[in-house]
Amino acid sequence: ASIPADIKRIVLTGFMGAGKSTIGRLLASRIGWTFLDVDTHLEARTNATIPELFERHGEATFRRLESSAIASALARTQTVLALGGGAPEELTNRLLIEQTPATFTIFLDAPFPTLYDRCMLQEIGRPVLANLDAAQARFARRHPLYRRISRLTIDTTSSTPNETIEAILAAIA
Ligand code: S3P
C-alpha cells in the first residue's frame, strides 16, 4: 500500500480502548513506516510510568509533559503516531496537530461501553478510568474534539484491526 507523497505522518486519535496503539503498529508495518506511541515516548522521556506521573505531579503537569511529547513526536516523518486519549482536550495540542503540515489525522471511534469493556480487558495503568462516571463525562466532552481535528472517522465497534487498516488504506491511499 502506498501513501500519497503529501502525507508525511498519520496521527491516530480517539478514546482509551479505541485501538490507537494496536492499529498504529499494524498500519505502520503495513506501509513500511515507523510507529510511535506518544504515551510510551513520554514515559521514556520522563523515565516514569503514566500512573507515576499522575500520582507524583497531578494531571495538569502530566498534560504539560504530554504536550511537549506531542510536539516532539510531530517532528517525525514517515511515522504513524498514536496519541493519548486526552490529548485533543488541550487547545495547544489541537493547534499543534492541525497546524503541522502533511499530517493526516484519523479518529478511531466506538461507543463508550465498548471502549470501557476493552480497557477492562487490558492491564494498562489508566488513572482517568478510576471513576466510571468521570470517564464517561470525559468521553462526551472529547467526542466532538476527536472529530474536529480528524480528516477521517472510522467506526471500530465491530471490526478487526485488519479490517480497520483496510478501511484506512482505502480512504487514504
Ligand atoms: C489518557 C489516556 C491514556 C494516557 C493517560 C490519560 C486520557 O492514553 O495518555 O492515561 O486522559 O484519556 P491511551 O488513550 O493511549 O490509553
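Of the 173 residues in this protein, 31% come out as buried, where buried takes 20 or more other C-beta atoms within 10 Å of a residue's own, exposed takes 12 or fewer, partly exposed is in between, and C-beta atoms are placed from the backbone. Keep in mind that this is a predicted model: local features need pLDDT of at least 70, side-chain atom pairs count only at pLDDT 80 or more, and totals for chains, interfaces and linings use all residues. Residues are numbered from 1 along each chain as its sequence is written.

Start with the overall layout. The protein has eight helices and five strands, taken as DSSP runs numbered from the N terminus (helices H or I, at least four residues; strands E, at least two). In sequence order the pattern is β-α-β-α-α-α-β-α-β-α-α-β-α. The radius of gyration is 15 Å, close to the 16 Å from the globule rule for 173 residues, so the protein is as compact as a globular protein of that length. That radius is taken over C-alpha atoms, and the rule is 2.2 Å times the number of residues to the power 0.38. Among contacts with a separation of 6 or more, 79% join residues 24 or more positions apart; a contact here is two C-beta atoms, placed from the backbone, within 7 Å.

Now go inside. The largest nonpolar core holds 31 residues, and Leu-12, Val-38, Leu-81 and Leu-83 have the most contacts within it. Such a core is a set of buried Ala, Val, Leu, Ile, Met, Phe, Trp, Tyr and Cys residues joined through C-beta atoms within 7 Å. Elements giving it two or more residues include β1 (9-13), α1 (20-31) and α7 (132-149). Setting aside residues up to four places away in sequence, Leu-83 touches Val-11, Leu-12, Thr-13, Lys-20, Val-38 and Ile-70.

Next, the annotated site. An unreviewed UniProt entry lists Gly-17, Ala-18, Gly-19, Lys-20, Ser-21, Thr-22 and Arg-126 as "binding site"; positions follow the numbering used here, feature names are shortened, and annotations may be inferred rather than shown by experiment. Ser-21 sits in helix α1 and counts as partly exposed because it has 17 C-beta neighbours inside 10 Å. Beyond four places in sequence, Ser-21 touches Asp-37 and Ala-82. Arg-126 is in the loop between α6 (112-120) and α7, and with 18 C-beta neighbours inside 10 Å, Arg-126 is partly exposed too. Leaving out neighbours within four places in sequence, Arg-126 contacts Met-16 and Cys-119.
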